[in-house]
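Biologist: Hi! Could you walk me through the charged pairs in this one?
Modeller: Happy to, let's bring it up.

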Amino acid sequence: MQEEVFRPVFVYGSLKTGEFNYKRYLDGKVLTVEPKRARIKGKLYDMPYKGYPALQVEALSSDWVYGEVVELLDYETTLSQLDGLEGYYGADHPANEYERSIKTVEVWQERTQEFIAQKAFVYLYRVENDARFTEQAQAVKDGIWRPSVTSNTVE
């Protein structure tokens with residue numbers, strides 16, 4: 001039997017501290033109250049028609065997507081709840097809205113004033129399951145997602 005490795009989770013959208021899904025899914029369920037600032041190479045898109053963002057990781061990208069790394073207290077229960085929110089049914093499941101993957105993120109270290117690489121779970125958007133993405137998703141140039149003024153969708 002293989003032992004599960006407890007990994008932190010990189011959040012970059014509605015699960016960031018202060019955003020609309022943080023209170024429901026992460027408040028009181030993370031190791032430290034103060035979020036760890038983090039970044040990952042890739043492209044971030046706002047999907048106003050859904051009310052939340054999409055992340056595409058691109059190894060050769062020169063762009064950064066900024067978010068937070070959280071460490072879960074009740075790991076299995078909270079990760080399962082996050083999977084539900086993100087429409088993740090299991091690895092490579094055809095109905096996944098997001099794919100949960102292990103990626104290298106860079107986490108800001110306050111003490112040394114530098115980013116340090118570490119592995120974390122990241123939810124990556126499955127563009128192939130969204131017919132509207134190409135025409136309606138908008139690139140977030142600074143890599144920091146903010147809820148759209150017109151968006152009121154809570155997933």
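Modeller: One term before we start: a residue counts as buried under 20% relative accessible area, as exposed over 50%, and as partly exposed in between. Arginine 146, at 47%, is therefore partly exposed. Keep in mind that this is a predicted model.

Biologist: Thanks! Which residue does arginine 146 form a salt bridge with?
Modeller: Its partner is aspartate 142, and their closest N and O atoms are 2.9 Å apart. Aspartate 142 is partly exposed too, with a relative accessible area of 38%.

Biologist: How many salt bridges does a search of the whole structure find?
Modeller: The search gives nine.

Biologist: Okay, what about arginine 126, buried or exposed?
Modeller: Arginine 126 is buried, at 14% relative accessibility. Arginine 126 forms a salt bridge with glutamate 128, with 2.6 Å between the closest N and O atoms.

Biologist: And glutamate 128, buried or exposed?
Modeller: Glutamate 128 is exposed, its relative accessible area being 58%.

Biologist: Which residues are linked with Arg126 in a network of salt bridges?
Modeller: Glu99 and Glu128 are linked with Arg126 in that network.

Biologist: Switching topic: how far apart are the closest N and O atoms of lysine 23 and aspartate 27?
Modeller: They are 3.4 Å apart, and the two residues form a salt bridge.

Biologist: What is the accessibility of each?
Modeller: Lysine 23 is exposed, with 62% relative accessible area, while aspartate 27 is partly exposed at 39%.

Terms used. Residues numbered from 1 in each chain as written. Predicted model: local features only at pLDDT ≥ 70, side-chain atom pairs only at ≥ 80, totals over all residues. Heavy atoms only, no water. Salt bridge = Lys/Arg side-chain N within 4 Å of Asp/Glu carboxyl O. Buried < 20%, exposed > 50% of the residue type's maximum accessible area, 1.4 Å probe, protein only.
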